[in-house]
Amino acid sequence: MQARFDLASRPHLGYTQSAVDRGADRRHDAGAMAALEGDPRARIFVVGGELVVLRKAAPHNHPDMDFAQAAALAPARERVFLGRRDGAPLFAAAIDPEGAEALKSRDDLLVADLRSIAIGGLVAPEHLPPLAQAKALIGWHARHRFCGRCGALTRPVEAGWRRDCPACGSEHFPRTDPVVIMLAVAGERCLLGRQGRFATGQWSCLAGFMEPGETIEEAVRRETFEEAGIRCGRVAYFASQPWPFPMSLMIGCHAEALTTELAVDRSELEDARWFERDEVAAMMLGRHPAGLIVTHPMAIAYHIIRAWLEAERSLV
């Protein structure tokens with residue numbers, strides 16, 4: 001089987017290509033923020049923990065609503081400014097997760113987690129990047145309410161993009177956790193792994209968090225060796241993807257495998273194995289005789305694997 005695909009049918013990488021102008025220069029200006037909030041075009045997302053509140057519609061549900069609609073749903077714990085989309089201000093409101101759960105009984109609403117929204121195509125694709133932005137930022141507020149220096153309760157400032165400690169004066173900013181996700185390659189074979197939480201028959205790239213003082217290349221080599229016992233040489237960057245679960249940045253790479261004998265860390269992976277190129281192509285096309293599949297096209301792992309099949313990188 002020749003592993004070639006029609007490039008015109010390539011799916012979009014989830015949570016990327018945001019059309020939002022984040023407007024960082026306006027966050028500190030209370031007057032400018034008040035004007036944006038009062039703009040009749042202003043829209044707002046409502047997020048409760050892992051859940052996003054959608055207004056039911058066809059063909060796609062609407063995650064944005066006006067301020068009055070949002071206020072009628074549940075009290076907001078925080079409100080953050082996401083930026084402007086086509087000139088219209090865009091915000092997100094955090095409500096209690098229990099309040100979001102209670103809204104599931106409404107016939108006019110659909111309440112779902114962001115992963116299900118993306119995989120199920122429940123909203124138009126252009127909504128996914130700012131929804132990821134909203135979920136990550138609101139999640140940061142929920143987990144960083146107290147000062148890491150003195151323990152005092154902090155307060156949100158800069159339109160939700162900073163928390164200040166009134167006790168010791170510390171300033172706290174949203175964080176992003178870098179994660180390397182890589183495909184180790186040895187000739188016509190690639191290394192895939194699976195975890196117990198994966199769907200039946202699903203395989204994907206290996207991945208792991210970067211550590212302090214570590215380069216991307218070093219993290220790729222370390223994680224591949226720790227999880228599968230494979231030593232890698234050259235590492236080639238592919239692309240990145242915001243991953244708001246809770247607030248990571250997936251850094252996609254291809255890696256040259258220098259060894260092939262596996263030593264799988266069963267505390268990290270259910271299994272790992274080498275796959276021939278034609279077998280991976282069958283998995284990608286949904287034609288594998290044993291029903292094996294790769295991860296969903298929304299995730300960067302799909303695109304990393306597909307790029308290897310299409311021989312797009314000099315490394316492979």
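Predicted model: local features only at pLDDT ≥ 70, side-chain atom pairs only at ≥ 80, totals over all residues.
Helix H5 (128-143), S14 and S15 each supply at least two residues of the lining of the second largest pocket, and H5 gives the most, with five residues. Residues are numbered from 1 along each chain as its sequence is written, and side-chain values use heavy atoms, with hydrogens and water left out.

A pocket here is an open set of points on a 1 Å grid over the protein atoms alone, where a 1.4 Å probe fits and protein lies on both sides within 12 Å along at least five of seven lines, and lining residues have an atom within 4 Å of a point. Helices (H or I, at least four residues) and strands (E, at least two) are DSSP runs, numbered from the N terminus.

The second largest pocket has a volume of about 360 Å³, taken as the space filled by probe spheres set on the points, which are joined across faces, edges and corners. Its lining has 18 residues, of which Arg 22, Gln 133, Ala 136, Thr 176 and Pro 242 lie nearest the centre.

Turning to the largest pocket, about 750 Å³ of space lies there, and among its 32 lining residues Gln 195, Arg 197, Phe 198, Trp 243 and Met 250 lie nearest the centre. Strand S14 (232-243) and strand S15 (248-257) are among the elements that each supply at least two residues of this lining too, although S13 gives the most, with four residues.

Now the cysteines. With a disulfide taken as a pair of cysteine sulfur atoms within 2.5 Å, the count comes to zero. Cys 232 is in no disulfide, since the nearest cysteine sulfur, that of Cys 253, is 11 Å away. The sulfur of Cys 253 is itself 10 Å from the closest one, in Cys 205, which is too far for a bond. Buried means under 20% relative accessible area, exposed over 50% and partly exposed in between, with a 1.4 Å probe and protein chains only; Cys 232, at 9%, counts as buried, and so does Cys 253, at 1%.

Last, helix H1 (residues 30-38), whose buried residues are Ala 32, Met 33 and Leu 36. They cover an arc of only 100° around the axis, and therefore sit on the same side of H1, the arc being that of the directions from the helix axis to the C-beta atoms. The face turned away from that side carries the exposed residues Ala 30, Ala 35 and Gly 38.
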